[in-house]
Amino acid sequence: MIKRKKRLRFIQISLLIFSLIIIYLTYYNRPDGIEDEIISKSEKDKFKQQDINESTEKGDIFYNIEYTGLDLNGNRYILKSDEAYLDDARPEIVYMKSVNAIFYFKDNTVLNIRSEKGVYNNKTFDMDFEEKVRAEYQESKLFAGKASYSNSENFLSIYENVKINDISGNLKADKLLFDISEQKLNISSFNNGKINANLNLNEKRF
């Protein structure tokens with residue numbers, strides 16, 4: 001009888017210990033960081049998929065890029081962009097966002113151009129500026145919808161709702177042609193033909 005009670009007690013204690021071990025392993029002995037690892041993997045997969053989508057649509061994206069060079073007259077320029085990607089079919093074409101081009105002329109004057117978007121040809125060194133084009137030359141400011149710089153012809157074409165704020169007054173025009181080699185500005189208005197003038201930038205500030 002005593003042996004039977006001892007055996008029963010031993011079985012009860014064994015079952016209790018076994019139950020405690022199961023509870024411990026189930027609730028308290030889960031490896032540290034398992035939840036973080038699951039979340040981290042999920043986020044990584046999400047970001048990886050986003051990168052794949054971006055690469056598929058636009059190719060590789062580059063950030064904070066900068067090009068430097070000289071125009072045909074030896075004037076130095078710097079072209080900067082916050083974000084850019086190459087054209088898959090034409091790798092010499094670079095599409096840009098948040099663009100800033102700075103031209104340093106030999107007479108120590110500086111032309112600064114900014115725009116929301118731009119296109120740069122790294123072979124011909126031509127530049128296109130689009131959306132909220134803003135330019136500064138000496139004490140004059142210019143606003144337009146688009147602008148194009150031709151390195152081969154050495155001029156800057158500015159068009160679409162062109163506005164100039166100058167110390168001598170304000171001016172609106174359809175198109176401006178800035179001759180970089182001679183630093184002359186041709187102002188044209190195609191709507192009413194009232195404005196058609198050539199200005200020497202050494203005499204009057206642009």
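Guide: The following conversation sets values from this predicted model against the definitions behind the terms.

Visitor: Why is the contact of Glu-92 and Arg-90 called a salt bridge?

Guide: The N to O distance between the two side chains is 3.4 Å. The rule asks for a side-chain nitrogen of Lys or Arg within 4 Å of a carboxyl oxygen of Asp or Glu, so the pair qualifies.

Visitor: How many salt bridges does this rule give?

Guide: The count comes to 3 salt bridges.

Visitor: Is Glu-92 buried or exposed, and how do you know?

Guide: Glu-92 has a relative accessibility of 15%. Buried means under 20%, and therefore Glu-92 counts as buried.

Visitor: What makes Glu-131 and Lys-117 a salt bridge?

Guide: Their side chains meet at 3.6 Å, N to O, and the limit is 4 Å, so the term applies. Glu-131 belongs to strand β5 (residues 127-137) and Lys-117 to strand β4 (residues 110-121), so this pair ties together parts that are 14 residues apart in sequence. Glu-131 is partly exposed, at 39%, and Lys-117 is partly exposed as well, at 37%.

Visitor: Why does the pair Glu-160 and Lys-146 count as a salt bridge?

Guide: The closest N and O atoms are 3.9 Å apart. This is within 4 Å, so the pair is counted. Glu-160 lies in strand β7 (residues 155-166) and Lys-146 in strand β6 (residues 140-150), so parts that are 14 residues apart in sequence are tied together. Glu-160 is partly exposed at 39%, and Lys-146 is partly exposed at 29%.

Visitor: Which residues form the positive surface patch, and why is it called positive?

Guide: The patch is formed by Lys-80, Arg-114, Lys-132 and Arg-134. Lys and Arg count as positive, so the patch bears that name.

Visitor: What makes β7 and β8 a pair of strands?

Guide: Two strands pair if at least two bridges are found between them, and these have 10, so they qualify. The pairing of β7 with β8 (residues 169-179) is antiparallel, and the two form a hairpin with 2 residues between them. Ile-164 stands opposite Leu-171 in β8.

How values were computed:
Residues are numbered from 1 along each chain as its sequence is written. This is a predicted model: local features need pLDDT of at least 70, side-chain atom pairs count only at pLDDT 80 or more; totals for chains, interfaces and linings use all residues. Side-chain values use heavy atoms; hydrogens and water are left out. Buried means under 20% relative accessible area, exposed over 50%, partly exposed in between (1.4 Å probe, protein chains only). Helices (H or I, at least four residues) and strands (E, at least two) are DSSP runs, numbered from the N terminus. Patches are made of residues with over 30% relative accessible area and no salt bridge: like charges are joined within 9 Å, nonpolar side chains (Val, Leu, Ile, Met, Phe, Trp, Tyr) within 5 Å. Accessible areas come from the Shrake-Rupley method with a 1.4 Å probe; for residues, only the protein chains shown count as cover. The place of a charge is taken as NZ of Lys, CZ of Arg, CG of Asp or CD of Glu.
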